[in-house]
Amino acid sequence: MAAEYGIIAESTPKEVFSTKYLLVIGDGMADDPVPQLGNKTPLQTAPTPAIDRMAAKGVVGSAVNCPPPLPAGSETAILSIFGCDPRRYFTGRSPMEAAAAGIVMRPGDAAFRCNLISFEDSQAPMEEKRILSHSAGSIDGASALETVHVLLEDPRFSRALEDARIELHPFPAFRQLAVQHESDLSGIRFFPPHDHLGEKSGPYLPAGNRRGEVFRNLMALAHEILDRHPVTEKRRLAGKLPANGIWFWAEGTSVTLPSFREQYGLDGAVVSAVPLCHGIGALRGLEMVEVAGATGELDTNFPGKLEAVWSKLQQYDFVCLHLEAPDECTHNGDLPGKLKAIEWLDSKLVAPLTARLEQSGQDYRLLLLSDHKTLTATRGHGADPVPFLIYDSRRDTHRGGVYDEPAGEAGPFVENGSALLDMLFER
């Protein structure tokens, strides 16, 4: 991987196109009106002059990226945005994340997300404890690995994993991955923890049959081991939320996605801090670009992501830039952070990128959107249509206006978000 970005080795594009195509995803930045903002949305409130300048000259509409009955989340929304109808291709979130990590799934395997989470501190049983954070307070990479190693080095937990035919793959983030061999998911119900923050965990623990109890028992054992472990106490003493639990969800079997080049005639790259986004790109044959210091949070490496995108635009005609921070800020109940994330998407990424393209005289088309709504009111996801913006540097629609939810509702409606790339590529 190249040292300056931590990216996978470059390859020479097979064809040269006169126009550059840029896909920008502000994860979870769309929202419903927020009383604290005078019943405006964060997109209506945060200053985004560069995005609004393009909105005034481009097309703003709304799209459904999370078609029912599929989950309202990035696992379906980003599949849609990348041109794959999730009603055909979605088998679960974790197999796509496993692909990003190079984890090979065998026939009969199932993958799971295994979040590090925070349960509230109380004397109640785990089932009665509220879920305080789906990310253990946005735990840092070193602390995440330390916590997972506590579990893997515990004889009881390692034996329980072996008995369940589960391999736990450690990652330097709250997002851990597990693979169960000879798995049977039928009849088991799993729930995403970020949709139930502040609620008692009991109703949302894996359930449905005895095979589901295996995961529930592993979660209970992990909580028993971690809750008063010195590693966890160290976080409490530092004023941080404890990483005192794990949470299995996002189950799924292996998936194959069609070639991006065969569908659109283009190669490209994906710049993101999120394994899911990288995994979908990798399964489509796009290059995964990992930026050092890109965290998926508000403290992500904005300059590094900017330079990575610019570098890849010199190599490819299509680049996706994904920013996770608006979504994570909303899950964390941080409304000022969400506003800042949207503002910085505009000022630190979109504005300098488009300025460089225009200064170089390069024609380009841009698709910018939120993958799904993340609701300040609930700190969870919403499946409603989200606004999209398509801008062409060669044309001015003279529509005026801005980019936000009301503008999207007033514009063209795209019932299937998997058609958005066709619109970007003018197919």
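**Pockets, cavities, strands and helices**

A: The largest pocket has a volume of about 640 Å³. The model is a predicted one, in which local features need pLDDT of at least 70 and side-chain atom pairs count only at pLDDT 80 or more, while totals for chains, interfaces and linings use all residues. Residues are numbered from 1 along each chain as its sequence is written, and side-chain values use heavy atoms, with hydrogens and water left out.

Q: What is a pocket, and what is a cavity?
A: Rolling a probe the size of a water molecule over the atoms shows where empty space is left. On a 1 Å grid over the protein atoms alone, a cavity is a set of points where a 1.4 Å probe fits but cannot get out, and a pocket is an open set with protein on both sides within 12 Å along at least five of seven lines; lining residues have an atom within 4 Å of a point. Grid points are joined across faces, edges and corners, and a volume is the space filled by probe spheres set on the points.

Q: Which residues lie nearest the centre of the largest pocket?
A: Pro-172, Ala-173, Ala-273, Pro-275 and Ala-294 do, out of 28 lining residues. By class, the lining has 15 nonpolar, seven polar and six charged residues (Ala, Val, Leu, Ile, Met, Phe, Trp, Tyr, Cys and Pro count as nonpolar, Asp, Glu, Lys and Arg as charged, and the others, Gly among them, as polar).

Q: How many cavities of 30 Å³ or more are there?
A: The count is three. The largest cavity has a volume of about 130 Å³. It is lined by 16 residues, and Arg-93, His-194, Glu-324, Asp-327 and Glu-328 are the closest to its centre. Strand E3 (110-119) and helix H13 (325-331) each give two or more residues to this lining, H13 giving the most, with three. Helices (H or I, at least four residues) and strands (E, at least two) are DSSP runs, numbered from the N terminus. The lining of the largest cavity has three nonpolar, six polar and seven charged residues.

Q: In what order do the eight strands of the open sheet lie?
A: Two strands pair if DSSP finds at least two bridges between them. The order is E9-E8-E10-E1-E11-E14-E2-E15, with mixed pairing. Strand E9 (287-289) and strand E15 (413-414) are at the edges with a single partner strand each, so one side of each has no neighbour in the sheet. Strand E11 (residues 364-369) pairs with strand E14 (residues 386-392) in the antiparallel sense over five bridges; Leu-369 has Phe-388 in E14 as its bridge partner.

Q: At what angle do helices H6 and H9 cross?
A: Two packed helices are described by the angle between their axes and the distance between the axes. The axes of H6 (residues 141-152) and H9 (residues 230-237) cross at roughly 150° and come within 9 Å. Axes are lines fitted to C-alpha atoms, for helices over the stretch in contact, and angles run from 0 to 180 degrees between N-to-C directions; contact means heavy atoms within 4.5 Å. Ser-143, Glu-146, Thr-147 and Val-150 in H6 meet Val-231, Lys-234 and Arg-235 in H9.
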